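Me: I would like a close look at a single part of this structure, followed by whatever connects to that kind of packing elsewhere. Please take care to say how each term is defined.

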Amino acid sequence: MLQRLALAAAFAIAVPFSAAHAQRPASPPGPLAAGYLCCNMYTYGRQMGDANYRETGTSLVPVGTPAQVASYDFRFVDTMVGGKPQRLKNDYSRDIRMPEFAGRYIVQEDPKLRIAGFEPQVREAIQAAKVTEGMTREQVIMAVGWPITSENPRLEADVWRYWIDSWSEYQVSFDKAGKVKSVTGTAAVMVHYTSPN
């Protein structure tokens with residue numbers, strides 16, 4: 001009798017755990033591509049996110065840093081960036097499949113080769129992780145990262161919304177030619193994200 005009770009108790013404990021484990025979505029497959037970091041990204045040490053917050057405690061990983069996808073784990077892409085492990089988290093662009101998400105951030109062509117051909121003002125802004133007037137959408141991405149899709153569903157939109165943290169938003173406006181015409185935000189935000197003309 002005691003053996004049956006012990007077995008029933010063990011089964012009752014084991015079933016919820018295995019059921020919960022079975023409900024977790026499988027890790028999405030994707031290519032383990034090697035290349036370069038698409039854009040300036042901020043890391044908390046071992047983790048970067050698609051919002052690319054620039055907060056106290058984060059540090060800059062420059063555009064063009066050698067990078068490789070190591071594996072996929074639900075909402076994370078495990079990578080090696082500059083020889084160090086980084087977990088790239090998809091917080092706010094969940095409508096994008098994880099392989100496509102990874103492909104946005106780890107690109108085949110070294111962006112530094114393209115940056116070298118840009119006008120000096122644009123090159124300096126990208127190197128400083130700032131946005132300046134006259135930049136193309138591609139150059140804005142290199143400077144401050146991809147706009148999150150939950151707030152920017154259309155890349156061809158006239159305005160892209162970005163944040164330096166969960167509360168501090170700034171907006172990048174494009175003209176009809178697809179070049180930055182203005183950056184707006186609070187004074188605290190503007191000091192981080194605009195460069196002198």
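Which are the buried residues of α2?

Reply: This is a predicted model, in which local features need pLDDT of at least 70 and side-chain atom pairs count only at pLDDT 80 or more, while totals for chains, interfaces and linings use all residues. Residues are numbered from 1 along each chain as its sequence is written, and side-chain values use heavy atoms, with hydrogens and water left out.

The buried residues of α2 are Met98, Pro99, Phe101, Ala102, Arg104 and Tyr105, where buried means under 20% relative accessible area, exposed means over 50%, and partly exposed lies in between (1.4 Å probe, protein chains only). Because 6 of the 8 residues of helix α2 (residues 98–105) are buried, the helix is largely enclosed by the rest of the structure. Helices (H or I, at least four residues) and strands (E, at least two) are DSSP runs, numbered from the N terminus. The cover over the buried residues of α2 includes β1 (34–37), β2 (41–43), β5 (66–73), β6 (76–81), β7 (84–89) and β8 (106–107), a contact being heavy atoms within 4.5 Å.

For the setting of this helix, the chain has 6 helices and 11 strands, and buried residues make up 42% of its 197 residues. Of the contacts in the chain with a separation of 6 or more, 55% are between residues 24 or more positions apart.

The charged end of Arg87 sits over the ring of Phe76, 4.0 Å from its centre, and Arg75 lies over the face of Phe74, at 5.4 Å from the ring centre.

The structure also holds 1 disulfide, defined as a pair of cysteine sulfur atoms within 2.5 Å. This disulfide joins Cys38 to Cys39, with an S to S distance of 2.1 Å. Cys38 is buried, with a relative accessible area of 7%, and Cys39 counts as buried at 0% relative accessibility.

Aromatic packing comes next. A search of the whole structure finds 4 aromatic pairs, where rings of Phe, Tyr and Trp (its six-membered ring) pair if their centres lie within 6.5 Å, with planes under 30 degrees apart counted as stacked, over 60 as edge-to-face and the rest as tilted. The rings of Trp160 and Tyr162 have their centres 6.5 Å apart and their planes at 65 degrees, so this pair is edge-to-face. Trp160 counts as buried at 1% relative accessibility, and Tyr162 is buried with a relative accessible area of 4%. The rings of Trp160 and Phe174, with centres 5.0 Å apart and planes at 70 degrees, also form a pair that is therefore edge-to-face. This pair links distant parts of the chain, with Trp160 in strand β9 (residues 159–163) and Phe174 in strand β10 (residues 169–174), 14 residues apart. Phe174 is buried, as is Trp160, and ring pairs link Trp160, Tyr162, Tyr170 and Phe174 into a cluster.

Trp160 is also one of the residues touched by Asn152, which, not counting residues up to four places away in sequence, touches Pro147, Val159, Trp160 and Arg161. Asn152 is found in the loop between α5 (137–144) and β9, and at 4% relative accessibility Asn152 counts as buried.

Key:
A charge sits over a ring if NZ of Lys or CZ of Arg is within 6 Å of the ring centre and within 35 degrees of the ring normal.
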